[in-house]
Amino acid sequence: MYVLVAGGGKIGMHLIRTLLGQGHEIALVEQDRRVCTQVVEELNEVIVIHGDATNPDNLSRAGAGRADVIVAAAGRDQDNYIICKMAKRLFNVKRAVARVNDPRNEDLFRISGVDYLISVTSMVSQAIEHEIVPHAIMTLFTWHERMSMLEIDLQIASPVVGLPIRKLDFPPGSILAAIWRAGEPIIPDGNTVLQAGDEIFAITVKGSEDLLKKALLG
Amino acid sequence: MLGVATSLRDVANRASEPPCFAGGRPRYLRRLGWSIVSPAVILVIGCGRLGSNFAMRMAEAGHDVTVLDWDRGNFASYLPKEFPGRSFVGMEIDAEILRRAGIEESSVVVIVSRDEATNMMVADLAREVFAIERIIVRIDQPRLRTLYEEAGYEVLSPVLEAALSLERRVEAMGSR
């Protein structure tokens, strides 16, 4: 694939190294001349364009017209927003990935057609929540706002401990996909008995999360 | 439809029309006893030379004007001390800040900061999140201007307007 990366910060650079390792073709648009020089010296197979990625001429020079994916990894939300919008509307890039700092901006990114959001703030806050809230139920990821994968830690007090899965009063719109038990993955069936300390991975459609939480944690 | 009255007859004609406002000759109109046909609630985003100048004019004409800029220093640098409207410090691309600056009560949103990426994102926020219909957004980059015009936005390009004005003036000078 031909991947166009806008912004050579930590996220952008890590991504470039990973994608190069997987054999993809990479172009980088970066404003800082020192970063450009460093990339040219270190990774000479990357096409480097020195300039502002919010200027369509620079995206064009970097080959946006033939890019399969654009990754907007600049520091400011408004820059990533307009970079993705240009890529989609002016250059017909198939997939746009954007780094978002303010979670409140995520909806607007989705409305404008960004396919995938890298939300550093959301990831960090979810991790913190997971660490400090006992009985945690954590959303691992959400797909198009419609479907989520949840991780639920079963404590001894949970009403479902000791029950086989077929006896559970599972809400519609949810499925129990996997269990992590004592360092081993288990793909459960109806006869699998839940134990305290199980980490349960469940998939639910939007609106069923609370019912699932109630069913498993009481 | 947004309109600026250019003569007294315009103002008289518009008096019977549904809410719009006249702002073209504020001082002149006031002297003649013509005040505002119907004051508009205007949110100006970006308090640079252009935003502050426009905000001051509209406020002097009697409109209800709020200016938003993330840089407090811009108010001191560009907005006259006697500005009768409100000024609001905050990040423009934050929907919560826009709400607190009164975007929901605004009949017109004028987005004229020097940062084009900010202007474009704020324009989309105003339209998609707050359903504002009257938006004027400053964009100079020609391809982005076209993109936003095609999306139905009222776009202002100071560079283009100045160039057109220069063209007209030079042509008017003739080829002596």
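Is A:Ser148 buried or exposed?

1. A:Ser148 is buried, at a relative accessible area of 6% (buried is under 20%, exposed over 50%, partly exposed in between, with a 1.4 Å probe and protein chains only). The residue sits in strand β8 of chain A, residues 147-153 (strands are DSSP runs of E, at least two residues; helices are H or I, at least four; both are numbered from the N terminus). Beyond neighbours within four places in sequence, A:Ser148 is in contact with residues including A:Phe141, A:Ile203 and A:Glu209 (contact means heavy atoms within 4.5 Å).

2. A caveat before going on: this is a predicted model, where local features need pLDDT of at least 70 and side-chain atom pairs count only at pLDDT 80 or more, while totals for chains, interfaces and linings use all residues. Residues are numbered from 1 along each chain as its sequence is written, and side-chain values use heavy atoms, with hydrogens and water left out.

3. Now the interface. Chain A puts in 21 residues and chain B 17. About 1,600 Å² is buried between the two chains, with 63% of that from carbon and sulfur atoms (buried area is the accessible area, 1.4 Å probe, that two parts lose on being put together, summed over both).

4. The rule finds three salt bridges across the interface of chain A and chain B (a side-chain nitrogen of Lys or Arg within 4 Å of a carboxyl oxygen of Asp or Glu). A:Lys85 forms a salt bridge with B:Asp124, with 2.4 Å between the closest N and O atoms. On the side of chain A that touches chain B, α3, α4 and α5 of chain A each give two or more residues, and α4(A) gives the most, with 10.

Key: Chains are lettered from A and ligands numbered from 1 in the order in which they are written.
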